Every structure is written in C-alpha cells, then in structure tokens.
Amino acid sequence: MIETRELTKHFKEVRAVDGVDLSVARGELVALLGPNGAGKSTTLRMLTTLIPPTSGHAEVAGFDVVRQQREVRLRIGYIGQGNGAGHSQRGRDELISQGRAYGMRVPAARARADELIASLGLGEVANRAVSTLSGGQRRRLDIAMGLIHAPELLFLDEPSTGLDPQNRANLQEHIVRLRAEHGTTIVLTTHYLEEADSMAERVVVIDHGRIIADDTPQRLKATHVGDRVILGFASAHEAGEAARTAGGEQRGAEVRITSDDGPRLAARLAGSLAPVSIEVIRPTLDDVFLTLTGRSLREDATTLEPALVEA
Amino acid sequence: MTSLVADTRVVFSRELRPVIRDPFSVIFSMVQPLFFLGLFAPLLPGDSSLQWFVPGIIVMSCLFGSSMTGSNLLFEMQTGSHERMLVTPLRRPALLIGRALKEIVPMLAQAALIVAVCVPFGFELHLGGALLGLVILAGFCIGLGALSYTLALSSKNRDWMFWTVQQTLLFPLLLLAGVLLPIENGPGWLQALSKANPMTYVVNAERALFNGDVWARSTAEGLVAAAAVGLLGLVVGVRAMKRSD
C-alpha cells in the first residue's frame, strides 16, 4: 500500500525527514511514534501529496506521490491535525461537498453523508454551523469527512491531540472498528504512547527524521527493554543465594532479573526459589524510546505544543 | 476540461452555501456603502450628483468586499479545511477559480441593494447599460477576489501581512479611481497615477453605462481593464494555489 525509498525532506537547513524507507502492506494499522518535530507529520504530508519530497521516492496505493498526485488523492483519506470542516459551514453540507470533491453525485454523496452522520453519532449537530460544535464533535466530523469516499488507505495526523480521555477512547474505538469492518489500511501519527500501544499492531519509531525501530509493540518492548521480574526474599542472605542460582542483580532482599517473557520466568522462579513476593514490571513504549534514544517521550509530549513544532 | 468545470462548481457551491444559509451576514456587510451614499453624497455639488456618485459606490463596495475575501481562505488555512481540500482530487485551479467566481454573487446583491435604495431619491436606472456594467464589474471582482486569495496564500501563518497589504492598497486604489471626488480638477501627477489605476476605467465605464451611454469609448476601456484584472488575478492565483501546501 505504501512503499518509500530514501524519502527525504529538507526545510532550508533542517532535515525534517532523512531517508525514510517504509513499506506498509494492505490492511495494516501502523502508528508512527516519535516526539514532536521528529518528522512524523512531514512524512505524512509527503505521502498525502501535500508537500513534495526533497529527494527519494514514495508510492502510495500504487502511484507515485509526485507524478501521479491525482491518482493517489483519489484513493486515500486524510484527517489532518486541524479541523477539516469550514467553521462557517454546516457539517452535513461539508460532508456532501467533500463527497462531490471525490466525484460522487449529489444523491450518492447525500446518502453517504447520512450514513456517516448516523454511524459517528453526529445526527443532532450535523445541521448546525461547525463553529458551534465541541472539539470532540468536530473531530468526529473530520473522521466522517475523511471516510466519505470509503478510501482503502486512511492517514490520520495526531488524531487525538486536544481531545479529553473519553473522546480519545471513543475515537480510537471508531478507528479500530473501521479497520475491522472494512479492512482499511490505516497509518496514524501520534505522540501518545498508550495510543500507539493499544491500537497499532505495528509501531514505527521515528526520531530526527529517521526510523529507529519498527515492529509490533510487544516485540519492540521485548527486544529493546524486556520485562523486569523483581523477587522479594525474607533476608538479604536468601536473596544472595537466589541471585547466584537464577542470575540477576541483588539489591538488599530483592533480586531483579530482566527477561523477554517476565510472567513465564516469574512463574518458574516462584516454584524453585520460593520468594516472599513477586513483581513483574512490563516496559512501556516510552521505555523503548528511552533505551533507543536516551530521551523520554513523555516530557516532550507535555512541554511542547505540537501544532507549533510540526506545522 | 469538463472535469475542471465540475470541480469549479463544487468549490463555487461550497463557497456560496454559507451565504445562502445565512443571507443576513451578507446584508449586514453591505451596509457600509450606504453610509457613503447617505453621509457623503449630499456634500457633492450639483443636481445630478447621485447619477455620478452611485456607480462609483457600486464599484467601491465590490472593491471592499472582494479584496477582503482572501481572509476567509486565510482562516481556512489556519483551521485545516484548506489542507483537507488540498488532499482531495479537486483540481488546483478549481480551488481558486470557484472561490473567485463566487465574488460575483455578493457583488450583484450589493449593486441591486444600492440601486434599490437610490431610485426613490431620484437615481435614474438605465437597465440595459446597467446590466452591461455588471458584466464588466463581474470580471473586475473575479480578478480582485483572485488577487485577494493570492495574497492570503502568500501570507500563510502571517495574517498581519494580508491585512497590511490589503489595507495599504485599498484607499489609494479607491481615491485614485475618482470614486469619491472627480480627478479631473487634480494636479497632473495625481491624474497620471489615476490613469495607471485599472479601477479608474472600470469606474468611468460604470458611470457611462449606468447613465445609459452604452456606446462610449469608456465602455471598451472598462471592459479591457476589468478583463485584464480578471485574467491577471486568475493567472497569479492559480499559480499560487498550485504551490499551496
């Protein structure tokens, strides 16, 4: 569905995207994860024909993003960081003109708009001016607009930024359902770790315009960080003995062992070493990012305004 | 070509829809020229002053409205709806032409309102000439609208630039076209500047046409000036739109 080779974008001196090779198969749900300014949105903007690459090559839905822009545009849906619907417009009107923009006839566009209004729960607000809708309602309208032509490939740029937890969960549910029902290929960018972790079965970690890791969330965590099993013992002496038998690092009455399958190891050691307590700490994607780059994603996510950095 | 027309229709009707949904917003924005008619026209000497003044005010309201229209695009560039439309297969020229063509609609509404208000005060309407005048004006306001959108596209993330340029150009264009006072009595340099202003020819043509004087030289000059502004606007506007991201 997506095939890029050495995809690169420079803004003056800044290498926003620096030689990205990415390939996404039909039906995948891929999250591009990285701090603000990592090049996620710039990558997406090149794949959606919004900006031309400085160098390199990208094919989306079988067509070149520079030479066959119209073919690409016909086949993809895009939900950007902002609100797609004009504020002075009514939601339903925008949905219909969006359908017409994809060459649908008015009756078909109207029917499809009604369908999406119902499935996204916009029935009560579809005839109101977009400026009067809440943030969550506008985001659902954005999704409806991105889906009007039932694209085979959908791009979402920071879909849940600015949403409260409830609306965020709601949105994720819609995306997952969309994929389950229609097999849509989905590529989204996010700096929310939980979002990438819970939704995507493939996470592409991007930093400084380069892909630094690309795998399922589980394997990323297992390969780069691993689980930590912490066994508690009655005394430091017992802990010392356990550390000698099982390996691992002793700290007072505790032994810490790193493993790529913590729960299984914990179950095994519970029988053989008879500890008084067992704790298994599973890594987060932030731990993965920390291991790979020495920086945490979290601080970044809270200190910077995404719109300013990645505009 | 037919698909460019179809795309242009999509953009045109999208632009027009809020106007149709909420006509009061447009009517409200049309009040301004009425102040000029009510508070400035009485200061003009002579009995036929209204006949001279009204066509100019119609051109003025077109100048005000169309030159500001880029601000709508500027706002849509900030909210994200312009970006959303750029990802659709709509042809880039249609994104500009559809918007610029929409300017004709408020222009016609304003012209009709101004004429309707002025007829009871003795303004004589010559329908045939007036209609030809509106055709010329349509070309002029398409061009102005397109230029305003071009300015918006090049002011991305800098709205102050849009407003500074628009406000800076607005009054010289207006005053040099002799809308408020005749230029003929002014100094030579001012007359020279006025001759370089395409709006001068549009205003002169409207004055002649609204007085029923269709076969005047000014009609041809006005047509040429309006067509030139229209064409220039569309050419630079389409180029800017193709580069938009």
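**A salt bridge, a domain and an interface**

Asp207(A) and Arg295(A) form a salt bridge, with their closest N and O atoms 2.4 Å apart. Asp207(A) sits in strand S10 (residues 202-207) of chain A. Arg295(A) sits in the loop between helix H11 (285-293) and helix H12 (297-303) of that chain. The two parts are 88 residues apart in sequence, so this pair ties them together. Over all chains, the structure holds 33 salt bridges.

This is a predicted model. How far can chain A be trusted? Start with its confidence values. The mean pLDDT of chain A is 87. Of its residues, 96% reach 70 or more. One stretch needs care: over residues 300-311 of chain A, the pLDDT is below 50. Beyond near neighbours in sequence, that stretch has 22 contacts in the model. Where pLDDT is low, the predicted coordinates should not be read in detail.

Now look at the annotated part of chain A. An unreviewed UniProt entry gives the annotation "domain: ABC transporter" for residues 2-233 of chain A. This span is 37% helix and 28% strand.

Next, turn to the place where chain B touches chain A. Here 24 residues of chain B are in contact with 28 residues of chain A. How much area is buried between chain B and chain A? The value is about 2300 Å². Carbon and sulfur atoms give 50% of that area. On the chain B side, Arg84(B), Val87(B) and Pro89(B) lose the most area to chain A. Together these three account for 30% of what that side buries. The size of an interface is often given as the accessible area lost when the parts come together.

Specific pairs also link the two chains. Between chain B and chain A there are five salt bridges. In a salt bridge between side chains, Glu94(A) meets Arg84(B), at 2.8 Å from N to O. Arg84(B) is also one of the residues that lose the most area to chain A. Eleven residue pairs are in polar contact between the chains, both residues being at pLDDT 80 or more.

Which helices of chain B each supply at least two residues of the side that touches chain A? They are helix H1 (2-21), helix H5 (70-79) and helix H6 (81-87). The largest share, seven residues, comes from H1(B). By class, the side of chain B that touches chain A has eleven charged, seven nonpolar and six polar residues.

Definitions and conventions:
Residues numbered from 1 in each chain as written. Chains lettered and ligands numbered in written order. Heavy atoms only, no water. Contact = heavy atoms within 4.5 Å. Buried area = accessible area lost by both parts, 1.4 Å probe. Salt bridge = Lys/Arg side-chain N within 4 Å of Asp/Glu carboxyl O. Polar contact = N/O pair within 3.5 Å; in protein donor to acceptor, adjacent residues only side chain to side chain. Helix = DSSP H or I, 4+ residues; strand = E, 2+ residues; numbered from the N terminus. Nonpolar A, V, L, I, M, F, W, Y, C, P; charged D, E, K, R; others polar. UniProt positions renumbered as here; feature names shortened; annotations may be inferred. pLDDT = per-residue confidence, 0-100.
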